[in-house]
Amino acid sequence: MKFTLSWLKEHLETDASLDEIVETLTRVGLEVEDVASPADRLKPFTIARVVDARQHPNADRLKVLTVDAGNGVAPLQIVCGAPNARAGLVGVLARPGDYVPGIDVTLSVGKIRDVESFGMMCSERELELSDSHDGIIDLGPDAPVGVSYAEWAGLDDPVIEIGLTPNRPDCTGVAGIARDLAAVGLGKLKENRPAQIPGDGPCPVQVRLEFGDTPPLCPTFALRLVRGVKNGPSPDWMQKRLKAIGLRPINALVDITNYVTFDRGRPLHVFDAARVRGDLVVRRGREGEELLALDGKTYKVDDTVCVISDENGLESLAGIMGGEASGCTEDTTDVLIESALWDDTNIARTGRKLGVNSDARYRFERGVDPAFCVPGVELATRLVMDMCGGTPSEVSVAGKVPETDRSIDFPFSEVKRLTGLSVSDAEIKGVLTRLGFWVTGSGDTVKVAPPSWRPDVHGKADLVEEVVRIVGLDKVVSTPLPRLESVAGRVLTPGQTRRSQARRALAVRGMKEAVTWSFISRTQAEAFGGGSRLLELANPISADMSDMRPSLVPGLAAAAQRNADRGYDDVALFEVGQVFANDTPEGQSMVAAGVRRGTAAMTGSDRHWSGNAPQVNVFDARADAEAALAAIGAPVDKLMVFAEAPSWLHPGRSGELRLGPKTVLARFGELHPRVARALDLDGRLAVFEVYLDAVPQPKAKPGRSKGAFEASDLMPVRRDFAFVVDEAVTADRLIKAARGADKALIVDVSLFDVYRGAGVAEGAKSMAIDVTLQPRQHTLTEEEIDAVGAKIRAAVEKATGGTLRA
């Protein structure tokens, strides 16, 4: 929000300096982001008179000027090519050493066609005052020679820019900012309430609000016709203010609406009445309708967009931007002035949907003062009549201005309780009254009614905030937190600790952490078991982000593909984040997931002199999942591997890690080719998901110290066993049975051979395992080793039906 100092003083009677105003604005919550003075960059330029203008001896289009700079300085010789350069002209002089912003040049003494030139006479474009460069500035004969041009022209008016928070719609106008400064005691607020202007007959154009059974998007619409106006440029004072805040003056009628928007925070719109056919209808848009707006762009609308139409079709995007067809021009003689109230949520949604940003949208989506709807028409009518003449009709109002009356029971003690400040009851009343609040009652609790321009105030804490920011947040005493005598307990929750441990474990395995969107497309969600309507976003950022993700894999796979598209084929990415099964708190869970692509295995990737690295596979994904589970304290030695896996994983190249037959702790495998094609992915992808919340919490230990490390000084014993088992028997069943035969001595069991063929019956296979025995007390005798072997054979036979191969 920008405004000039002189503009502020139109509403605030004050002798405060610029520095005091800037400091106070920040103190009351209207943080000043920038203070700029146009006079700073125009400071070197002075007013000068052309004493003589003669033809350049070597150029037909150039003149040699003799310029009087005033202040007793000797006349300067300047070569000038402006068509209006003449003797007696009073303009703006730039001397050698001055920086000219419009042409980005620092002047120096130079020769132009063999004639020396000691400066230049400036045009408006060279001073960045306008785009005009047809000639040098002609100030008229009365301009004082030798005086600073910026000071004489009134361009030394500082421009203040504040960073406005969304909860302060009342300060989207200069009048609201002045109210805050007056409340803090920096001056007296001027009462600039618009006077009611009598109309000559009813407004011939009527307004209809047609929303049928759907929620109304426009509670109030005020309209007035002004006949016989003469449109043209707006006055200099208005143009200067609009230029100072970055707006381009267009014509008086349009400039008036822009001025009132920034002056009172009340957006208006004007229609050329001659271009409006029939009555105005405020309704929802229809499929296929479109509008050529004032910004030169065409916008397509639907039934979520509120529009203003007539018999010609659409005339305006309600509350956002008008249409070009009914816009006011220099030829406008009859003008319709509109002041309406719009549904703030619909304005915000429409603006995002159509990609339109305007000063009207900025204010309507934050909420404008409903009580100023009709007075806004009166103010605009007065300005139109003063600048363009004309005869106004009566104001036609469709709908009803919403009631904003609400009261809050406010104990004065709340200020002390919430802030620690001791503020008297009278001072609290005074602050609220100066801010426009209505206060009634006596005793320790009063009733407070917020004004219509403060839709953000709803409770006691809001009133305390108003009092404290005016009294001074700097007066709130800083109270240090008490020092704890005891040792602080655990800071991180178990969930936070697990997430950190999983990240460390996966990063150690050469994977890079990624953070992807929590939203994915409907196609991706359905491919990974989601797509429920419960998880569909009501207002998605885009069509590719329409659903909450049921898995982290789609986002990671898409990130890996983007890397591949840019030449980085071999990437290993992981992410720790939430996934969503439904819209309940129980349906949200924390997952660690990863993707390896191409040759990005833990052992290295890409080309090597000893041969190219192999493609990633299901075993890489399983190793990553087991590493993450081990890091977060899962009982890895008790995990069971199952071949079942969701449909988005490759059958036969995927599996699940379970604790018991039902508790799934992780899924791993290669991505199904069908899913990869549907998501436009290429290359082999090995993926995994570890469900952090499914891992049971470890049992509490009596102390922090770990048990003593036991390292035997006796040599281990290894024995091989080959069992003939049925084809359906999996390796994990065999290994688990062998490991459980003697838990005291058996420390490791690994599969090293699978054989099918001669010597083995059809429908069976031979599986060979390597068993490591670690003695603790004494060296094992042959009889003890044979006894353990017998236990292994018995356990395997019982679990799998296998027999020792002859």
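In which order do the 3 strands of the open sheet that contains β13 stand? I shall begin with that sheet and then turn to the other elements. The order is β1-β13-β3, and the pairing is antiparallel. Please keep in mind throughout that this is a predicted model.

The edge positions in this sheet belong to β1, residues 2-4, and β3, residues 31-36, and each of them pairs on one side only. From one strand to the next, the twist averages 25°. The pairing of β1 with β13, residues 159-163, is antiparallel and comprises 3 bridges. Within that pairing, T4 has V159 of β13 as its bridge partner. Helix α2, residues 18-27, packs on this sheet and touches β1, β3 and β13. The direction of α2 makes about 155° with that of β3.

Before I go further, a word on confidence. The mean pLDDT of the protein is 90, and 97% of its residues reach 70 or more. Among the elements, the lowest mean pLDDT, 78, is that of helix α3, residues 38-42. The highest, 96, belongs to strand β30, residues 512-513.

I come now to a second sheet. One of the positions to look at is V50, whose bridge partner in β5 is V67.

Next, the strands around β29. The hairpin of β28 and β29 has 4 residues between the strands, and in it G441 takes a positive phi near 110°.

Let us turn to the helices. In general, two packed helices are described by the angle between their axes and the distance between the axes.

How do α12 and α13 cross, and at what distance? The axes of α12, residues 425-434, and α13, residues 460-471, come within 10 Å, at a crossing angle of roughly 95°. The two helices are therefore roughly perpendicular. From α12, the residues E427, I428, V431 and L432 meet L463, E466, V467, I470 and V471 of α13. By class, this contact has 7 nonpolar residues, no polar ones and 2 charged ones.

For α14, residues 494-508, and α17, residues 618-631, the axes come within 8 Å and cross at roughly 140°. That angle makes α14 oblique to α17. The crossing is right-handed. Helix α14 contributes Q501, A505 and L506 to the contact, while α17 contributes D624, A627, A628 and A631. These residues divide into 5 nonpolar, 1 polar and 1 charged.

The last pair is α19, residues 731-739, with α20, residues 782-800. They pack at an angle of about 140°, and their axes are 8 Å apart. Helices α19 and α20 are therefore oblique to each other. Their crossing is right-handed. On the α19 side the contact is made by R733, L734, A737 and A738, and on the α20 side by I792, A795, V796, A799 and T800. Sorted by class, the contact of α19 with α20 has 7 nonpolar residues, 1 polar and 1 charged.

To close, I return to the opening question: the sheet with β13 runs β1-β13-β3 with antiparallel pairing, and helix α2 packs on it. Thank you for your attention.

How values were computed:
Residues numbered from 1 in each chain as written. Predicted model: local features only at pLDDT ≥ 70, side-chain atom pairs only at ≥ 80, totals over all residues. Heavy atoms only, no water. Axes fitted to C-alpha atoms, helices over the stretch in contact; angles between N-to-C directions. Parallel < 35°, antiparallel > 145°, perpendicular 65-115°, else oblique. Left-handed = near helix turned anticlockwise from the far one by under 90°. Contact = heavy atoms within 4.5 Å. Nonpolar A, V, L, I, M, F, W, Y, C, P; charged D, E, K, R; others polar. pLDDT = per-residue confidence, 0-100. Pairing = 2+ DSSP bridges.
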